[in-house]
Amino acid sequence: MKLITCIEQEAARLTEAGVSFGHGTATAFDEAVWLALWRLGLPLDALDEHAQQDLTPDQQAQIAALVDERITSRKPAAYLTREAWLQGVPFYVDERAIVPRSFIAELIADASIDPWLSEATTEVLDLCTGNGSLAVLAALAWPEIRVDAIDLSPEALEVARINVDRHGLQDRIRLLQGDGLAPAAGKVYDLILCNPPYVNSASMAALPAEYQAEPELALAGGADGMDFVRGLLAQAPAHLSENGVLVLEIGNERPFFEAAFPALAVAWMDTSSGADQVCLITREALLLEQTAATPGQEEQ
């Protein structure tokens, strides 16, 4: 059997089983390509040159077994391969951390954030770092910066340590454990990147099994998804330099975000999923929003 034929058969099995995607692939075919090439030890971008390769019965059986595991476990493929790719950069991942897929990675890679930075930009924070992927991408994109990476989960930070070490960035990325901005007490940043838990309660209850396999702590954002974000926006001005900015991912929760912060001026950033997934907020805008919210808070 040719490799491409095997992949097509396994893709059909994934489709028939009704598995869900979104952890690095969007279709059954792409997922089958990932699993088959990884099982064979081939580069994940090498399908074209290996499509007509003949597989031995043992190779076919190994690929089928991995697809069986994907179907029966309903775990994201990244948890089975222990590897995820973000903007072409490889990262280790396992069940201790969410599978990296932040749209902020695109904004780092395509230089969309760069106009908001300057020669004075030296201190960056990756809040809710998970497996450390955004911290690593930031350090690779901006060689002159230092990065703090914070997460509440000690287990997730163990995974982040693997990735920081893997990319040789121990001298420029500092991992900190704690809730929100608490570990950054007294520290001021020129840029804060944050992909927080923002999934609202109704959406959490309806998540496919693949997402339920991830740490709930990294996803659940309360009734409207904004529990963590409220605390972050209240505290962020004290941790941003005068011209500092916050780049915040809120996924499909823009209506809840705008309802929670109606007076907040933000710049929505273009991503591959549209211009409503990630916003950029200046320190000045955060301070103005707090001023506008104060009268309402005093009346309650």
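The following conversation covers salt bridges and a helix contact in a predicted model.

Biologist: What kind of model is this, and what should I know about its values?
Modeller: It is a predicted model, in which local features need pLDDT of at least 70, side-chain atom pairs count only at pLDDT 80 or more, and totals for chains, interfaces and linings use all residues. Residues are numbered from 1 along each chain as its sequence is written, and side-chain values use heavy atoms, with hydrogens and water left out.

Biologist: How many salt bridges are there?
Modeller: The count comes to 20 salt bridges, a salt bridge being a side-chain nitrogen of Lys or Arg within 4 Å of a carboxyl oxygen of Asp or Glu.

Biologist: Which residue pairs with Glu10?
Modeller: Glu10 forms a salt bridge with Arg13, at 2.6 Å from N to O. The two are 3 residues apart in helix 1 (residues 3–17), so about one helical turn separates them. Helices (H or I, at least four residues) and strands (E, at least two) are DSSP runs, numbered from the N terminus.

Biologist: Is Glu10 buried or exposed?
Modeller: Glu10 is buried, with a relative accessible area of 6%, while Arg13 is partly exposed at 27%. Buried means under 20% relative accessible area, exposed over 50%, and partly exposed in between (1.4 Å probe, protein chains only).

Biologist: Which residue does Asp148 meet in a salt bridge?
Modeller: Asp148 meets Lys187, at 3.0 Å from N to O. Asp148 lies in strand 4 (residues 146–151) and Lys187 in the loop between strand 5 (173–177) and strand 6 (189–194), so the pair ties together parts that are 39 residues apart in sequence. Asp148 counts as buried at 5% relative accessibility, whereas Lys187 is partly exposed at 23%.

Biologist: Which residues are linked with them in a network?
Modeller: The network of salt bridges links Glu123, Arg146, Asp148, Arg174 and Lys187.

Biologist: Turning to the helices, at what angle do helix 1 and helix 2 cross?
Modeller: Their axes come within 8 Å and cross at roughly 125 degrees, helix 2 being residues 28–40. Axes are lines fitted to C-alpha atoms, for helices over the stretch in contact, and angles run from 0 to 180 degrees between N-to-C directions.
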